[in-house]
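Here is a short briefing for a reader new to this structure. Have the sequence and the 3D view open while you read.

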Amino acid sequence: MAPDAFAPGACVALAPLRGNVGRTVFIDAGHGGPDPGALGTTASGQPLNEKSVTLAVALTAARMLRLHGYRVVLSRNADNSVTRLTGADLYQRALSIRGAHAELLARVRCADLAGASVLVSVHFDAFSDSTVTGATTVYDPDRPFAGRNHALAKLLQRDIVGALAADGWRVEDRGIGTDVNAGGPALGVQGASYGHLLILGPAAPGYLARPTTMPGAVVEPLFITNPAEASIAASTAGQTAIAAGIVAATTQFVRGSR
Ligand SMILES: [Zn+2]
């Protein structure tokens, strides 16, 4: 959508496949390319990168939404970064702090160029204690549309937990929250003092010139550091359930905000 700013193939607009409700949903598959996100292991010992699971969920949700008549913009639809990376964006083949910041700015820019009614950023949770489990959804309370962020987060949390339960996975409902450490890469001292997730948060001079302009939330449906939940995350059925929850919530949200 702005070819000079984005990596090849990043920030892609996908037309509706059936009908056309005239609305756009922006879906961000967390991490990608040199940033694997969190690392987990399934119950059968299969290693799992967060970036591959977020992509699978985003692609499935995008297809479902397009079949419901929505245009979808994806920050990425393959295993790549969203920003066009330069040497300074990498450190020992991983994203540098500068690169992680540039990467999130590119996702914010893509969301705003999309003209989307709603933003969903897909991540998975991780913790040093592998017994920790559950689903959570993060929103930002410090935006002009904070009430709608809160409403969206509640819908996403309810519908993702519900969709998993309907398929037999009773995932702990950890509720919605405003945890600024959720979902993102480490952004250093400046990121810590910003006090928001870049994809959801307000403008900050010298750090985020233009924030996202639509209600949004970061979903974290499972802990991929828990083997049982990593197995759900790695399965097509689990990914489809999470995507269905995202689609149920976003379509209800968009219909309710006409
Ligand atoms: Zn993440």
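This is a predicted model: local features need pLDDT of at least 70, side-chain atom pairs count only at pLDDT 80 or more; totals for chains, interfaces and linings use all residues.

## Helices on the sheet

**Overall build**

- The chain contains six helices and 11 strands.
- Its radius of gyration is 17 Å, close to the 18 Å that the globule rule gives for 258 residues, so the chain is as compact as a globular protein of that length.
- The C-alpha trace spans about 45 × 45 × 35 Å along its principal axes.
- Buried residues make up 51% of the 258 in the chain.
- Take the contacts between residues at least 6 apart in sequence: 76% of them join residues at least 24 apart.

**The sheet**

- Seven strands form an open sheet, in the order β1-β5-β2-β8-β11-β9-β10. The pairing is mixed.
- The edge strands are β1 (12-14) and β10 (173-177), and each of them pairs on one side only.
- From one strand to the next, the twist averages 20°.
- Strand β1 pairs with β5 (residues 71-74) in the antiparallel sense, over three bridges. A13 has V73 of β5 as its bridge partner.

- Six of the six residues of β2 are buried, so the strand is largely enclosed by the rest of the structure.
- In a regular strand, side chains alternate between the two faces of the sheet.
- Both faces of β2 are covered. T24, F26 and D28 are buried on one side, and V25, I27 and A29 are buried on the other.
- On one flank, β2 pairs with β5 in the parallel sense over four bridges. F26 stands opposite V73 in β5, and V25 has V72 of β5 as its bridge partner.
- Strand β2 also runs parallel to β8, and five bridges join the two. L119 in β8 is the bridge partner of F26.
- In β5, R71 and V73 point one way, while V72 and L74 point the other way. All four are buried.

**The nonpolar core**

- In soluble globular proteins, nonpolar side chains tend to be buried together.
- The largest nonpolar core here has 78 residues. The members that touch the most others are I27, A58, A61, L156, I224 and I246.
- Helix α1 gives the largest share of this core, 10 residues.
- Leaving aside residues up to four places away in sequence, I246 touches A61, V120, L156, I160 and V219.

**Helix against helix: α3 and α6**

- Helices α3 and α6 pack at an angle of about 145°. Their axes are 8 Å apart.
- The crossing of α3 past α6 is right-handed.
- From α3, the contact is made by A151, L152, L155, L156, D159, I160, G162, A163 and L164.
- From α6, the contact is made by A241, I242, A244, G245, I246, A248, A249, Q252 and F253.

- The buried residues are E229, A230, S231, I232, A233 and A234.

Terms used:
Residues are numbered from 1 along each chain as its sequence is written. A residue is buried if 20 or more other C-beta atoms lie within 10 Å of its own, exposed if 12 or fewer, and partly exposed in between; C-beta atoms are placed from the backbone. The radius of gyration is taken over C-alpha atoms; the globule rule is 2.2 Å times the number of residues to the power 0.38. Two residues are in contact if their C-beta atoms, placed from the backbone, lie within 7 Å. Two strands pair if DSSP finds at least two bridges between them. Axes are lines fitted to C-alpha atoms, for helices over the stretch in contact, and angles run from 0 to 180 degrees between N-to-C directions. A nonpolar core is a set of buried Ala, Val, Leu, Ile, Met, Phe, Trp, Tyr and Cys residues joined through C-beta atoms within 7 Å. A crossing is left-handed if the near helix is turned anticlockwise from the far one by less than a right angle, and right-handed if clockwise.
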